[in-house]
Amino acid sequence: MHKLLTDAPGTKMLLLGNEAIARGALEAGLSFATCYPGTPSSEIPEQFLNISRETDLYFEYSTNEKVALEVGAGAAACGLRTMVTMKHVGLNVAADPLMTLAYVGVKGGMVIVNADDPSLFSSQNEQDNRYYARLSGLPMLEPTTVQEMKDATVAAFDLSEELGLPVLLRTTTRLNHIRGGVELGKLLPRKTQGTFKKDPFNLVTVPAVSRKLHQVLLEKYDRALEKSEQWPYNQITGKGKWGIVANGVSVNYVRDAVVDLGIADKVTLLKLGFSWPLPKALMTRFLKQVDKVLVVEELEPIMENELKALAQENGVMIPIKGKGVGGLSRLFEYDPGLVRKSVAEYFGIEYKAPSMVDMSDLPPLPGRPPNLCAGCPHRATFYAVKQVFGAEAVYPTDIGCYTLGVLPPISMADYLICMGSSVSSGCGFSEAVEQKTVSFIGDSTFFHSGMTGLVNAVHNNHKFTLVILDNGTTAMTGHQPHPGVQAELMGLDLARVSIEDVVRGCGVKDVHIVKPFKIKKTIEALQAAKEYDGLSVVISQELCPLFAKATKQFKRGKVFTVNQEKCKDHRDCINKLACPAMFVEEEKVRIDENLCIGCSVCAQVCPENAIVPVK
């Protein structure tokens, strides 16, 4: 039995933050869950996938976040309790349905988990999605501990049904991936079948209906505002004249700083766990009982600006600062030391940071840049493309493991905006420059948002080459399924959609299927694509070796070694492939037999045929 199905109220369990959210959803009677995987949210749907194998919980990995939200909206409209999970940039993809779903509302509770990523640990931007609550008019909850992540999730479902609105549950990477003790609550029974009541003049958003629904949304907003004023996780603690306002994980940093600096009797803390709508009455009461305020919030100065406006409206003339104090910046995530230093600086406390451990006698740690795995088929594809198109071609790339092709010596990523952008931006490059354009996109990303760009390329007669890197899984976020996977390898009963059929169905005439470990044939196919006067698609098919190992499909080839007598030290293997299984020792190229998977690409690249199988 999955540990999150433990039905023992009062029991304590050590959980990852994302596991606590999943447990909270189960305690709330979750019956329907959808997602598109994206770090730092990916562990939540992973729990649901495994739980759906043991229970009647419905779960799916949708093709993208927009689809996930729309699928979930249909279930919520029928009265089912629904959760949709995604990372912060995923909410951009889902923003179109989100804005109007706020008008339409829900019957069953719907919680949308939005995981922001301060410091861009695994993302292409660092946006602050608290703005989405303000843009959509939807309530937003921001838990601060692992226990609260579970409890706030339960409360979010109740709030959603009471207001008839989706509720945004915002986390950040640090909260998603911390562990803590969680006291379990009671598991509510799931309602897996709902009913849909036809009501087109409240559910079909033609302009006349939407005008009325906008007014309804504002009325619901007023009710949500009343709730935020009474919400138990919106708290004022302490009686000091120094005010601090914080949200999310920053609340914990502030609490630690207050204790470490010995100023608990001088500080009043306003913690905002129901951060939108703003509890204005509570915040005004806080402002009137302190002499100055420090706002500790990662990313944008949203609470800071709102507090300043609220103070002005109520005639409260006190200093309110946040960004620019100490290390409090609009950049990156905070940490306890930074917050402690900033609190001390703002309130004029004599403070000396703890001395760092002296490590001057130790050698520096070796660099460990991110790299494609040993035997990754993407490396072979990149090599073959470069042999045909050269360094002068323009290479738009996309979101996935293959984005690491930006690093030398591969150096084959010239432009990236978001999921699916390589295909569409490739259309633009192909018209704007004389150089050849070769776009790279992964299999999961192609289904996510690459297909529409491909249709655009066909329709508008753009001339470039699209290379679809089909490694049979959503590799970067943890080997989740997508429409093109062999789902039976994962023990799932899902239909497989052929990438080749989709490409040909979109109208592409020149289509090549290659096995990238066969370098010569891959180069021949790419040369034909280069010479074609139009849009060409090359589908490079080879399972991700890590996924192949996990699904017992991996068949290790013969391990290779370097014949030092034949090697002339050209180092093409190192300088053109940079496989992590290869290294230089005593000025000689060697192969780590523990890392080599036997793909044989290096042997095909070596001009002296000095790389040979181990006998």
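## His 2 and its surroundings

The side chain of His 2 makes a polar contact with the side chain of Gln 47 at 3.1 Å, where a polar contact is a pair of N or O atoms within 3.5 Å and, within protein, one atom must be able to donate a hydrogen and the other to accept it, residues adjacent in sequence counting only if both atoms are side-chain atoms. This is a predicted model, in which local features need pLDDT of at least 70 and side-chain atom pairs count only at pLDDT 80 or more, whereas totals for chains, interfaces and linings use all residues. Residues are numbered from 1 along each chain as its sequence is written, and side-chain values use heavy atoms, with hydrogens and water left out.

His 2 is found in the segment before β1 (12–16); helices (H or I, at least four residues) and strands (E, at least two) are DSSP runs, numbered from the N terminus. With a relative accessible area of 12%, His 2 is buried, a term that stands for under 20% relative accessible area, as exposed does for over 50% and partly exposed for values in between (1.4 Å probe, protein chains only). Leaving aside residues up to four places away in sequence, His 2 touches Gln 47, Asn 50, Ile 51 and Glu 54, contact meaning heavy atoms within 4.5 Å.

## Helix α3

Helix α3 (residues 65–77) has 13 residues and spans 18 Å from its first C-alpha to its last, close to the 18 Å expected at 1.5 Å a residue; the expected span is 1.5 Å times one less than the number of residues. At the start of α3, a side-chain oxygen of Asn 64 comes to within 3.1 Å of the backbone nitrogen of Lys 66, while the helix is followed by Gly 79, whose phi is positive, near 95°.

The residues Glu 65, Ala 68, Leu 69, Gly 72, Ala 73, Ala 75 and Ala 76 of α3 are buried. They cover an arc of only 165° around the axis, which puts them on the same side of α3, the arc being that of the directions from the helix axis to the C-beta atoms. What covers these buried residues includes β2 (32–35), β4 (82–87), α4 (88–93), α5 (95–104), β5 (110–116) and α17 (443–459).

## Helix α5 and Met 110

In α5, the buried residues are Ala 95, Pro 97, Leu 98, Leu 101 and Ala 102. Their arc around the axis is only 155°, which places them on the same side of α5. They pack against α3, α4, β5, α6 (130–136), β7 (167–172) and α10 (207–230), and just after α5, Gly 105 takes a positive phi of about 75°.

Met 110 lies in strand β5 and is buried, with a relative accessible area of 0%. Among the residues that Met 110 touches, not counting those up to four places away in sequence, are Leu 69, Gly 72, Ala 73 and Ala 76, together with Leu 101 and Phe 157. The C-alpha atoms of Met 110 and Tyr 221, which are 111 residues apart along the chain, are separated by 16 Å.

## Asn 247

Asn 247 lies in strand β10 (residues 242–247) and, at 5% relative accessibility, counts as buried. Its side chain makes a polar contact with the side chain of Glu 142 at 2.9 Å. Beyond residues up to four places away in sequence, Asn 247 touches Arg 130, Glu 142, Arg 170, Leu 272, Val 296, Glu 297 and Met 303.

## Aromatic pairs and charges over rings

Rings of Phe, Tyr and Trp (its six-membered ring) pair if their centres lie within 6.5 Å, and planes under 30 degrees apart count as stacked, over 60 as edge-to-face and the rest as tilted. By this rule the count comes to eleven aromatic pairs. Tyr 395 and Phe 440 form a stacked pair, 5.8 Å centre to centre with 25° between the planes. Tyr 395 lies in the loop between α15 (377–389) and α16 (421–432) and Phe 440 in strand β15 (residues 438–442), so the pair ties together parts that are 45 residues apart in sequence. Both Tyr 395 and Phe 440 are buried.

The rings of Tyr 415 and Phe 429 have centres 5.1 Å apart and planes at 85°, so this pair is edge-to-face. Tyr 415 is partly exposed at 37% relative accessibility, and Phe 429 is partly exposed at 21%. Elsewhere, ring pairs link Phe 48, Phe 59 and Tyr 61 into a cluster. The charged end of Lys 530 sits over the ring of Phe 389, 5.8 Å from its centre, the criterion being that NZ of Lys or CZ of Arg is within 6 Å of the ring centre and within 35 degrees of the ring normal.
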